[in-house]
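Keep the structure in view as you go.

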Amino acid sequence: MIRTHSLTKRYGRVLAVDGIDLDVREGDRYGFLGPNGSGKTTTVRMLLGLVFATSGHVELMGHTVPRHVARALPDVGALVEGPAAYPHLSARANLRLLDAAGPAGDRRSRRRRVEEALEEVGLADVGRRPARTFSLGMKQRLGLAAALVRRPRLLVLDEPTNGLDPRGIREVRDLLLRLNAQGTTVFLSSHLLAEVEHLCTRVGVLDGGRLVSQGPLDDLLAPTGLTVVRVGDPAAAAAMLDGVVVRREGDEFLVARTSVDELTRRLVAAGIAVQGAWPQQRTLEEAVLELTGSGSDEVARR
């Protein structure tokens with residue numbers, strides 16, 4: 001669905017994207033992650049032919065971009081850098097104009113597709129209102145409807161939940177899961193790691209314009225080899241585990257070089273009650289921060 005080879009973009013002396021090789025496969029829910037300013041939006045714009053690469057190769061839906069981007073676009077829905085709309089027109093009128101201006105489609109089904117898109121993003125009841133009266137979250141929903149109106153095989157979304165409240169974020173997540181189950185591939189650029197962790201099956205992590213990781217989300221969140229244990233007598237456990245404790249927080253210990261079974265057996269044998277023990281697993285936040293060294297203000301959880 002999306003493949004790049006050594007994709008590079010320079011703005012003068014600034015290297016915005018540095019030779020990345022993306023691999024987005026049919027059926028993926030692909031999360032494109034990285035701190036603000038890491039090159040995510042520039043990459044998305046190159047994928048869609050909105051910005052020319054300095055060097056490298058882009059293939060979208062089997063077609064070379066930008067040379068044959070018009071052949072790919074009928075199967076692609078996109079939302080990049082916020083939604084655009086004619087403010088004096090209604091949501092319905094905006095979608096009808098967008099559909100009519102796009103690659104040739106079935107005009108007879110336009111009304112039905114517009115109504116279905118509005119329904120899917122929760123705007124059916126306000127479809128007659130001018131777009132200028134919409135809140136930021138409603139405008140974002142209209143942008144999503146525009147991406148969906150042609151029933152694309154591939155969705156390319158740049159921060160699609162921007163401006164939405166927690167309920168709206170969950171509704172968009174559920175919508176994308178449903179569309180993916182119906183056969184739509186989703187490419188989602190975001191810095192909201194909690195949403196990516198709930199939604200995506202594969203991820204790519206960008207840092208300073210370089211793709212520092214790409215693969216299944218489960219691989220990125222694999223167990224660390226350390227064990228977490230919570231005990232009834234922390235003082236006794238600390239004395240017994242001296243030398244293997246990596247970190248302690250109250251009655252919870254992070255222990256190295258000891259499996260869950262072995263650790264539990266040793267503590268119980270020493271008369272220390274074990275309230276819980278499990279292998280430590282990275283959160284997506286921890287994994288991305290480890291790869292990028294970013295501060296918490298740059299890569300957010302919600």
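**Exercise 1.** Is Phe-187 buried or exposed?

*Solution.* This is a predicted model. Start with the cut-off: buried means under 20% relative accessible area. Phe-187 has a relative accessible area of 0%. Phe-187 is therefore buried.

**Exercise 2.** Classify the ring pair of Phe-32 and Phe-187.

*Solution.* Two values are needed. A pair of aromatic rings is described by the distance of the centres and the angle of the planes. Step one: the centres of Phe-32 and Phe-187 lie 5.4 Å apart. Pairing requires centres within 6.5 Å. Step two: the planes of Phe-32 and Phe-187 stand at 40°. Planes under 30 degrees apart count as stacked, over 60 as edge-to-face and the rest as tilted. So the pair of Phe-32 and Phe-187 is tilted.

Now place the two residues. Phe-32 belongs to strand E4, and Phe-187 to strand E9, so this pair ties together parts 155 residues apart in sequence. Phe-32 is buried too, at 0% relative accessibility.

**Exercise 3.** How many aromatic pairs does the structure hold?

*Solution.* It holds two. One of them joins Tyr-30 and Phe-187: centres 5.4 Å apart, planes at 20°, so this pair is stacked. Tyr-30 lies in strand E4 (residues 29-33) and Phe-187 in strand E9 (residues 185-189), so the pair links parts 157 residues apart in sequence. Tyr-30 is buried, with a relative accessible area of 0%.

**Exercise 4.** Which residues form one aromatic cluster?

*Solution.* Tyr-30, Phe-32 and Phe-187 make up the cluster.

**Exercise 5.** Over which ring does the charged end of Lys-9 sit?

*Solution.* The charged end of Lys-9 sits over the ring of Tyr-11, 5.0 Å from the ring's centre.

Technical notes. Residues numbered from 1 in each chain as written. Predicted model: local features only at pLDDT ≥ 70, side-chain atom pairs only at ≥ 80, totals over all residues. Heavy atoms only, no water. Phe/Tyr/Trp six-rings, centres within 6.5 Å; stacked < 30°, edge-to-face > 60°. Helix = DSSP H or I, 4+ residues; strand = E, 2+ residues; numbered from the N terminus. Buried < 20%, exposed > 50% of the residue type's maximum accessible area, 1.4 Å probe, protein only. Lys NZ or Arg CZ within 6 Å of the ring centre and 35° of its normal.
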